Amino acid sequence: MENQKRIEQNWLDCPVIKAFPGFSREKLIITLIIILAILSRFLLLGNRVMSHDEVNHVVPAYNLYKGMGYAHDPVTHGPFQFHVLALAYFLFGDNDFASRVPAALFSVAAIIFVIFAFKRYLGRIGALIGGVLFLISPFLLFYGRYTRNEGFIELFAVMTLYGLLRYFEKRDHFSLYLIAVVTALQFVTKEVAFIYTAQFLLFCGILLVVDLWKILQSEKKNRRKSLLLLFSTALLFIIGVMVFSLNNQSENPDRMIFTASIVLSVIGGLGFIAAIAQLLLKIGWLSLRELPAFNLIVFVGALILPQLTAFPVKLIGWDPLDYSAQGMLRTGIFLAILFVISLLIGYWWYRKLFLKAAALFYLIFVTFYTTFFSNGQGFFTGIIGSLGYWLSQQEVQRGGQPFYYYGMILIPLYEFLSVAGTIAAIYFASKYHKFFQKPCLVLSESFENDKKNPDDEKAVVEPEKFPNVKNETVTEPDSILQEEKASFESNFTVDLNEIKEPGLQPLWQDGKIPTLTLFLFWSLSALLAYSIAGEKMPWLTVHIAIPLALSAAWGIGYLLETIAWKKIISWYSLAALAGTITGIFALIGIDSSIRGAVKPFSGKELTQLKSTNQFILSAIVLITVMIFLVQICRKWFKKDTFKFYTLLLIGILAILQARTAYNASFINYDYANELLVYAHAGPGPKIALKQIEEIAARTGQGKTIKVAYDNDALYPYWWYFRDYSSKFYFGEDNPTRELRNYDVIIANTTKESRLKPIVQNGYYRFEYIRLWWPNQDYWNLTPARIANALLNPDMRSALFDIWLNRDYKKYAQVTGSYTLTKETWEPSARMVVYMKKDLLQKMWSLGNIDDLSQPQDDETEYISDEKFSEIDPFVTIGSQGVEQGQFTAPRGVAVSKSGRIYVLDSDNHRVQYFSKTGEFLGMWNAAERGGFNQPWGIAVGPDGSVYVADTWNHRMLKFDENGTFLTEWYANDPADITKSFYGPRSVAVDSNGRVFVSDTGNKRIMIYDQNGNFIDKFGTPGMGTGELDEPVGIALFEDKRLAVADTWNQRVQIFDVEGAHPTYQVVASFEVQAWYSQSLDNKPYIAYLPSGNILITDPEGYLVWEYTPQGELIRSWNGGGGNIDNTSMPTGISVDAEGSVWVVDTFANHVNQFVLPELKEK
């Protein structure tokens, strides 16, 4: 065994080239890892689109770089990142590459730190494996190239673990100072510092309890009493606090529960203090302070105690984010109290060391949170707001992922090598009882030393076995209490050195430290913590991957140290490898023949015989291979066989994980087929940006080009347009015609219905995916779904393709999904980019070359003149609400001969009627007929009867002028008696009582008599003359002409309806510059003026348009009154006997009367 280890160690120390004896193989491997780390973190670093969360970090950092200062905001986490980003912009310029340089540097530094700092805890080989695992971890690589805090935490995390292990080994002051500095850096970086600190304290607490249990072994009765009292009082205190918090957060806090919870908390707290005091008396203060776990708990606990101020503030029911004078006073009281307690504990524990460490901690904390003392409030937002905001986000549950999100989805998809290595570590440690070990450069050597020299705390590395390696020793405990020992009486102290029984020593007393125990605990606690936390986001997997990689490094390192390399590097192993691969393919052949459409032994046809032959041949090969492998393995020990196949599996997984990491960071980095992202920017924004930059360059405008963008396009263009001098941000507001002054307009596609009336034909249109999310079909997993996925061969194959290649083709086929390609991916958010035509025509590459020799078209040729007139309402009826005279999304309006104004209060499902001065007269809701369901169309007959198109009940209703029900009818089409109305939206009645109904969904016009008897119909779906596509508003003129708003064809068609046997021929038709979208709101109505001119509403363009019957535009005005861009939604329209125009403004919940001024003659 010793010879084997000597060979392995000598192999690392052998020079690569004899001419350079100092450059060993180990140094070559380290050099290669570092080079690969640099390349993997920095190559193509600026190519990926700046993602949503990155923008929140780079813009404030850019402002800081430009001298505009920085004020800490808990929403974007700690200030550290913003300062190092500003430094990166100073050194490398402000661009995407520079924005990611800090994260990349820290990620590389973490790899280097693991290789050099963890040699004594992972062994030389294990440290190298740790570096490789950090190098090829998909999460550590991806977020090491991402402008988030995880890249920084990667380094701070391994430094924290190193500091903890170093203190357990050496118990020196440097370890504590290192822990203080790293903890401060974590707190100025991200709020996960609270989870890291909790893990730190919990781990030390568990070790402390075990130590105390061992120390008190000789006094079992006292041990049980002391620990029972300690735990019971702590539990009582926790229950009291929880009951107090829950009661205080309820709407009606109970006074008795409040009192009881206070009593429980006080009793529990005092009892806990008494239990600790009793324990101190039993063990002795100095003896307790010799325990490293206890020192770490006191040191770190006291150090971060003021950071927890938000906890008691929130428990009482106050808001820690309340920055009012009263809120700050309340919070300040708690902060002051915790600061005093912190100092008292530290001073009492070890004043010199603690005060120095606290000075280091708060120097870092204050410097960054106040931005080098330029923002005093930053100290309070940091020490209180950080935790306060983080607690509030747990209630919001951002991301809302299932509890198994990390353990069952992300870790198996990406960090499978670390999982396998961790399993190997648990196996080896369990088999050899080595969860605690002495620090050593060779893990297995440490185990041998344990057996040979259990009392030896000296060097565990023998120089003669390891050439060129210095003889490192475990330093004797350098107690931090020497100067204070004299002040304590000996009868209060149990001398730990007198405890000689092997099983009764504290864990640290035999020189062993909890290396693997720490890594495993940190992995499990991180998985549990982030799975339980309300906010579950993919990047938090980084904090699970780090300890998993270290655990795996321990396991794989031990495997490589103890494997019989002479047997592995032989023809036998190569033969075993070839046989294994052959056997795998034989198994695949058997499986495919069994799962195929044609089963083996099913018949004598050619295809059946082919399946049978495949099965038989594969089975013969498999049996032969198994016999062959058994013969080879007989030459090995069982453990050698086990380790060979374990190594083979680890090697395969390493290749696959490196491939996964490469694909995620260098191939699929802009796409949502990777699940290690959430709201992720698609490639579209950067494609559009390159087009804009090219246009600006070719037209000589540069960054003075006029660009406008909305609140959704703010990400990422808040960053990309940071120094564009002519940018315009119109946010969530409805776009206005001011946008016509801009060369480029970028907005969410949901605003397109508002944009189209503005841009008309003056812009080229491009559409891109701006943001997308990974497929989330893993939601609501049940045992039945999991079983189906595993047992269904098609689904199993589809899931394997996703795991291996992120290929969703088979999965789309199995599930019948059509939204899993890059072009159709859902969920996603799309953006539309409009680029002005006259600008693009200046560019030969984007315009028409033939047009370059001709005069440039004027913009007015693309964008029509609205001939707008500013007209204000003469009378306005209604407001938002459900009371009399109030509306909720009104749609239709009709005016009777007597002057009554009937309004369809659609979302209140009723009709209201008013006098022409706006006085409320009455209302009805058709309760006797089951009620209305969003009625849209209304008209008044010659006898005063009121006809209502009850849209989503798909029927017509007739009432008298006061709302008394008269009759109802459905489509009654004799040609198809089963076909009903489909969302009828408008009705018109002529002087003879003929009732015309626009059967919108069926794309036809229906005609009835006044009692609902079918007369005729016309119209078919289509775009040709006389064909209709979404007919909505209809209006009659002198019983001869019926004008139809042919919405989706963007035209008005006028039909001949004169006489008893009309032809229904189109007598006129004209296109309109309106009705661009197919949204639910874009349902226009139409009316005739006494002159014969036609009025149409443009709901999403805010306008009412007046045309001649031949289609000449006369004028337009805003349906809500005022200027052209005043937000409104003109829908229903009617003209009274005096020629006044009544327009429904659905947006404002108004009905407006307009008196049109006479047009001036030209």
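1. Which residue takes a positive phi in the hairpin of strand 13 and strand 14? In this predicted model, the residue is His-954, with a phi near 55 degrees, and the hairpin has four residues between its strands. Strand 13 covers residues 946-950 and runs antiparallel to strand 14, to which it is joined by five bridges. Within this pairing, Val-948 has Leu-957 of strand 14 as its bridge partner.

2. A hairpin is also formed by strand 14 and strand 15, here with five residues between the strands. Gly-963, in the turn, has a positive phi of about 100 degrees. Strand 15 comprises residues 965-969, and four bridges join it to strand 14 in an antiparallel arrangement. Met-956 finds its bridge partner in Trp-969 of strand 15.

3. These strands belong to an open sheet of four strands, ordered 12-13-14-15 and paired antiparallel. Strand 12 (937-940) and strand 15 stand at the edges; each has a single partner strand, so one side of each lacks a neighbour in the sheet. Direction ignored, neighbouring strands of the sheet are turned by 20 degrees against each other on average. Four bridges join strand 12 to strand 13, again antiparallel. Ile-938 has Val-948 of strand 13 as its bridge partner, and Val-948 is in turn the bridge partner of Leu-957 in strand 14.

4. The burial of strand 14 deserves a separate remark. Five of the five residues of this strand (residues 955-959) are buried, so the strand is largely enclosed by the rest of the structure. In a regular strand, side chains alternate between the two faces of the sheet. For strand 14, Arg-955, Leu-957 and Phe-959 lie on one side, Met-956 and Lys-958 on the other, and both faces are covered.

5. The structure contains 42 salt bridges. One of them joins the side chains of Glu-26 and Lys-119, at 3.6 Å from N to O. This pair links distant parts of the chain, with Glu-26 in helix 2 (residues 25-42) and Lys-119 in helix 6 (residues 119-136), 93 residues apart. Glu-26 and Lys-119 are both buried.

6. Asp-723 and Lys-703 form another salt bridge, in which the closest N and O atoms are 2.8 Å apart. Here, too, distant parts of the chain are linked, over 20 residues: Asp-723 lies in the loop between helix 28 (714-720) and strand 3 (727-731), and Lys-703 in the loop between helix 27 (684-698) and strand 2 (707-710). Asp-723 is partly exposed, because its relative accessibility is 30%. Lys-703 is partly exposed as well, with a relative accessible area of 41%.

7. In the salt bridge of Lys-809 with Asp-807, the closest N and O atoms are 3.7 Å apart. Lys-809 counts as exposed because its relative accessible area is 59%, whereas Asp-807 is partly exposed at 22%. Elsewhere, salt bridges that share partners join Asp-13, Glu-26, Lys-119 and Arg-124 into one network.

8. Seven cavities of 30 Å³ or more are present in the structure. The largest cavity holds about 60 Å³ of space. Its lining consists of Leu-45, Arg-48, Phe-142, Arg-145, Ser-665 and Tyr-669. By class, the lining of this largest cavity has three nonpolar, one polar and two charged residues.

Terms used. Residues are numbered from 1 along each chain as its sequence is written. This is a predicted model: local features need pLDDT of at least 70, side-chain atom pairs count only at pLDDT 80 or more; totals for chains, interfaces and linings use all residues. Side-chain values use heavy atoms; hydrogens and water are left out. Buried means under 20% relative accessible area, exposed over 50%, partly exposed in between (1.4 Å probe, protein chains only). Helices (H or I, at least four residues) and strands (E, at least two) are DSSP runs, numbered from the N terminus. Two strands pair if DSSP finds at least two bridges between them. On a 1 Å grid over the protein atoms alone, a cavity is a set of points where a 1.4 Å probe fits but cannot get out, and a pocket is an open set with protein on both sides within 12 Å along at least five of seven lines; lining residues have an atom within 4 Å of a point. Grid points are joined across faces, edges and corners, and a volume is the space filled by probe spheres set on the points. Ala, Val, Leu, Ile, Met, Phe, Trp, Tyr, Cys and Pro count as nonpolar, Asp, Glu, Lys and Arg as charged, and the others, Gly among them, as polar. Axes are lines fitted to C-alpha atoms, for helices over the stretch in contact, and angles run from 0 to 180 degrees between N-to-C directions. A salt bridge is a side-chain nitrogen of Lys or Arg within 4 Å of a carboxyl oxygen of Asp or Glu.
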